[in-house]
Amino acid sequence: MARNRLLTLGVALVLCMLGYMTLGAQGGWGFILPFRGAKLAALLLVSLAIPTSTVLFQTITQNRILTPAIMGFDALYVLVVTTLVFTLGGQEYVRLPAMGQFALHVILLMIASFLLFGTLLGQMRQDVVRMILTGIIFGVLFRSITSFLQRMIDPNEYAMIQVSSYARFSRIETELPLIGAALTAVSMIFAWRMRHRLDVLELGHDVAINLGETPRRITLQALVIVAALVSVSTALVGPIVFLGLLVVSLAHLLVPAARHAVLVPCSILICGITLVGGQAVLERVLGLSTPLSVVIDLLGGVVFLALLLRRMAK
Amino acid sequence: MARYFWALFSFGSLCLLSLMVGVIDLTADVKAWQVLVTSRLPRTIAVVITGAGLAICGAIMQMLVRNRFVEPMTAGTGQGTALGILLVTLFVPQASLFVKMALASVTALCTSIGFLAIVRRLPPTQPLLVPLVGIIYGGIIGAGVTFVAYQADLLQYLDVWMNGEFSGVLQGRYELLWIAAVVTTISYFAADQFAIVCMGRVASVNLGLNYERVVLIGLVVVSVVTSLTVVTVGMIPFIGLVVPNIVSRLYGDNLRATLPYIAIIGASFVLISDILGRVLHYPYEIPVGTVFGIIGTLVFLWLLYAPRRHGA
């Protein structure tokens, strides 16, 4: 059954991609295909990064409500970039090659997320309320420090940060996809190799130890992958709070009680359909100027609330 | 009593400090009095009313919803105000500020009632769901407002209300806040009723309370004060969340006894943030919402992780 559903989703995604590439096309294909192709590639990269990081994060925290975005990972990334520009100054920062800048962001984000979340995740099982609130509050704290630093920064240098501070899908950085693709590919390979260990971890802390798994080690490994993937998606399109939650909740509905080998591909496909299809409909069919991220936050929030209330009503 | 004195004393000093801080040097300028009356004094008053009002709104909301981790600015009331302002701007752009404020209060009340209706369907065994649902609910309304504002090209206009700051407060431009002050003061007389509501519907009815009416009064107070604040100075999240929790830790939960503390500490927090915002990047300003975002979240994390002393 799961296989059929994955196939259906795959076909739907291909249709969305076709629609995105061809709808409303005017002018030479020689221009349109590379132009739209680059944006499509970036959207697909994000569709790989966000669901995978969300599923990994939900497994290590044993919780289906928390996502990296809700816990403030995206905000932390923006804070890291802002702090870099603030401390180095715009001139120094620009002198770094794009590759070096991005590598620096990823490494700093990994260190920061290790310091912040590595210690917190250990306490997760004892007190979920406290953990969720801590995450949300961290998000607000990061955003506040970011906007505080942005006020102190020279307006010229501010333009550099602005790019990663706001979610957008229509105008995507063109240099980054290559570096981002490499990093995503490496992360996805590691995540794929971890899939059985993650299944074991999902059984619970004590069962995992009984089966010979070290929860602490796999948690930290997963955290590294999450940090790498969040860096890619935030650098490409900026922070989107509810996307991960939305697509993974839908995946749980479509393939209930699935293993990671099914759940992750399923959420990736749903995410691809949401982003590519949504962008195609919004841009080409409806002709709206509102960014897709706003619509996703709107729909994602409503879907999530409905899911939550329905589960509680049972 | 000594505690009360020190709270008032530090609050008074902060007010004085707030009057003294600014770009124009009061001792050097001959128009010192004019600066004081048209700018510094209104600003300080606005800060005090906002801080006290939002903190008390947070406390009342927490009583009505029976959960410690909610506050109007993050649970839909603030976003409801933004929705109201947006709708008025779109459909009746020539409306006066007072009409705008009244309509914004109505939408804020509607969104608060909606939040309460959702919360009542949540199981009481899951306290963490309430703030979570509140944040998502607020986020949905916020996203809806952003969506409409984007289409109507009003995003920048809306930004003024989304980020709270006091730099625009002058004599003649903050007086609506006095209504908030009056409403907040009146709510003090219903403190006992709110405390009873917090014990739940059955207990309240048993004690002879008109439960629905008190809840509605509470929601009206919260909506009016929140929307007045948003219309005049903009959204300042977290005061309503942090201050009642601190006061509850220090002085317990007898609302009638603690409401004055909540008001004073709330006002002091916003005063401190506003003074810092004026001093840190002198002569420019950093919005109070940003400064308090940092202070408030740090205090809240401390509250969350510092062990609670019992019997204090």
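The model described here is predicted.

B:Ile60 is also among the residues with the most contacts inside the largest nonpolar core, which has 177 residues. The others listed with B:Ile60 are A:Val226, A:Val276, B:Ala55, B:Ile239 and B:Ile262. Helix H2 of chain B, residues 32-65, gives the most to this core, with 15 residues.

## Confidence

The model scores ipTM 0.77 and pTM 0.80. For chain B the average pLDDT is 85, and 96% of the residues score at least 70. Where pLDDT is low, the predicted coordinates should not be read in detail.

## Chain B

Chain B has 13 helices and 0 strands. From the N terminus on, its elements run α-α-α-α-α-α-α-α-α-α-α-α-α. The C-alpha trace of chain B spans about 65 × 55 × 35 Å along its principal axes. The radius of gyration of chain B is 19 Å, which agrees with the value near 20 Å that a compact globule of 312 residues would have.

Of the 312 residues in chain B, 48% count as buried. Among contacts in this chain between residues at least 6 apart in sequence, 78% join residues at least 24 apart.

## B:Thr258

B:Thr258 is placed in helix H12 of chain B, which covers residues 255-279. This threonine counts as buried because it has 20 C-beta neighbours inside 10 Å, and the cut-off for a buried residue is 20 or more.

Not counting residues up to four places away in sequence, B:Thr258 touches B:Val247, B:Tyr251 and B:Gly252. B:Ile186 lies 72 residues from B:Thr258 along the chain, and the C-alpha atoms of the two are separated by 15 Å.

## Chain A

Chain A has 14 helices and 0 strands. Read along the sequence, the pattern of chain A is α-α-α-α-α-α-α-α-α-α-α-α-α-α. Buried residues account for 46% of its 314 residues. Of the contacts in chain A between residues at least 6 apart in sequence, 82% join residues at least 24 apart.

## Helix H11 of chain A

Helix H11 of chain A runs over residues 215-237. At 1.5 Å a residue its 23 residues should span 33 Å, and the end C-alpha atoms are 32 Å apart, so the two values agree. H11(A) is mostly covered, with 17 of its 23 residues buried. The residue that follows H11(A) is A:Gly238, whose phi is positive, near 85°.

## Contact between the chains

The contact takes 33 residues from chain A and 31 residues from chain B. On the side of chain A that touches chain B, the elements that give two or more residues are helix H6 (128-152) and helix H14 (292-313) of chain A. H6(A) gives the most to this side, with 16 residues.

By residue class, the side of chain A that touches chain B divides into 24 nonpolar, 6 polar and 3 charged residues.

Key: Residues numbered from 1 in each chain as written. Chains lettered and ligands numbered in written order. Predicted model: local features only at pLDDT ≥ 70, side-chain atom pairs only at ≥ 80, totals over all residues. Contact = placed C-beta atoms within 7 Å. Helix = DSSP H or I, 4+ residues; strand = E, 2+ residues; numbered from the N terminus. Nonpolar A, V, L, I, M, F, W, Y, C, P; charged D, E, K, R; others polar. Core = buried A, V, L, I, M, F, W, Y, C linked by C-beta atoms within 7 Å. Buried ≥ 20, exposed ≤ 12 C-beta atoms within 10 Å, placed from the backbone. Expected span 1.5 Å × (residues − 1). Rg over C-alpha atoms; globule rule 2.2 N^0.38 Å. pLDDT = per-residue confidence, 0-100.
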